[in-house]
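Below is a brief report on selected local features.

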Amino acid sequence: MIKIYLDHAATTPVDRDVLTAAMPYFGSDFYNPSSLHAAGQKASRAVESARLACAEAIGAKLEGIYFTSGGTEAVNWALKCAPTADRSHIVVSAIEHDSVLACADKLRAEYDVDIVEPNADGIITPDALRAVIRDDTAIVCVMTVNNIVGTIQPIKELTEVAHEVGALMFTDAVQAVNACDIDVAETGVDMLCVSAHKFYGMKGAGFLYVDPRTKISPFIDGGGQERGMRSGTLNVPAIVAMAKAITAAKTERKANAEHIAQVSLEFLSALKYGTPVAMNSPKIDDIVSVVFDGVNGGRLAVALSMAGVYCSVGSACSAGSAVPPATLTAMGVENADCVLRFSFGKKTTVAQAVAAAQTINVVVSRLVKTAEPKDVSA
């Protein structure tokens, strides 16, 4: 049986070079970077070198990088600790990751929260943001690349709208690192987050970028690590690995994008069933969501898994939910419960993509024939 992994938007394998860079900090250089002795300071220097690499990868200043356990922690920190008492309004987009939408729900107890909707192509437009933003808006959150359909949002233009009323702009760039050039100086965002395991780094590491001019409260109290802003012993191996991975992602971005574009094209060309979503929008080729009318997405994902093709019904963080991804609902996608997400990686081959599409054709054909007839009696 073939085994083809098409769920890179959920997580990526750790690159060999990335793992090699991390290994000493599991063993010979295992020290706590907060220790004042020479061994601890060796680990501290590794952390600070990683901080510089992460900053350079996104066009940021060194002091703007704060290490976290991943994207979800960074999202919670930005949304819960940046708003101030004199600004009582928050705006998040309807196509955000579940971590953002869950935070927004929690914050309704203290703030007015508005949801800005995408257009039918999955794009948050500046005009749509202007329609909901207010003079007392504290923060606007719109992700750089959508994790369900891969649409690229106009972050620079949205940031300009946020800044018109003095609001902060926060963007979740978790899905953007592999495919898009990221430059916080160019877009003007006030905060941005990434998660290492989405770009061939290790799980358990990420960072929140905070513009040095932006005021934000500490998120975790304790020993005062990360300049007193995020306490807790730093995950040195994962941080070193993340720096190696994000540097590689930037260096390899063009070549990888060209390769994945070809993989995506051949996959779609070989696919006989389904309608791809958001193909007329600015988007990355790494993520392709397809509507298979008449076939439940969850059922199809299980059948494909049994056939050796691994994909997703949406975000891996909400894989157990029976509700279609919020992005698809917000876009008005019909039969959103019949959607599967396929996401390609830099080592996905054209042959694998074509073989996966052929397997999908067979499985969908079988499921369509065995599907229960619709009830037309009403």
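Ser88 sits in the loop between α3 (71-81) and β3 (89-93). Helices (H or I, at least four residues) and strands (E, at least two) are DSSP runs, numbered from the N terminus. The model is predicted: local features need pLDDT of at least 70, side-chain atom pairs count only at pLDDT 80 or more, and totals for chains, interfaces and linings use all residues. Residues are numbered from 1 along each chain as its sequence is written, and side-chain values use heavy atoms, leaving out hydrogens and water.

Leaving aside residues up to four places away in sequence, Ser88 touches Tyr111, Asp112, Arg134 and Asp136. Contact means heavy atoms within 4.5 Å. Ser88 and Arg134 lie 46 residues apart in sequence, with 9.7 Å from C-alpha to C-alpha. The side chains of Ser88 and Asp136 make a polar contact of 3.0 Å. Such a contact is a pair of N or O atoms within 3.5 Å; within protein, one must be able to donate a hydrogen and the other to accept it, and residues adjacent in sequence count only if both atoms are side-chain atoms.

Two residues are partly exposed. Buried means under 20% relative accessible area, exposed over 50%, partly exposed in between (1.4 Å probe, protein chains only).

| Residue | Relative accessible area |
|---|---|
| Ser88 | 30% |
| Met23 | 44% |

Met23 belongs to the loop between α1 (16-22) and α2 (38-57).

Strand β6 (residues 168-172) is largely enclosed by the rest of the structure, because 5 of its 5 residues are buried. Leu168, Phe170 and Asp172 cover one side; Met169 and Thr171 are buried on the other. Cys141 stands opposite Phe170 in β6.

Key
Two strands pair if DSSP finds at least two bridges between them.
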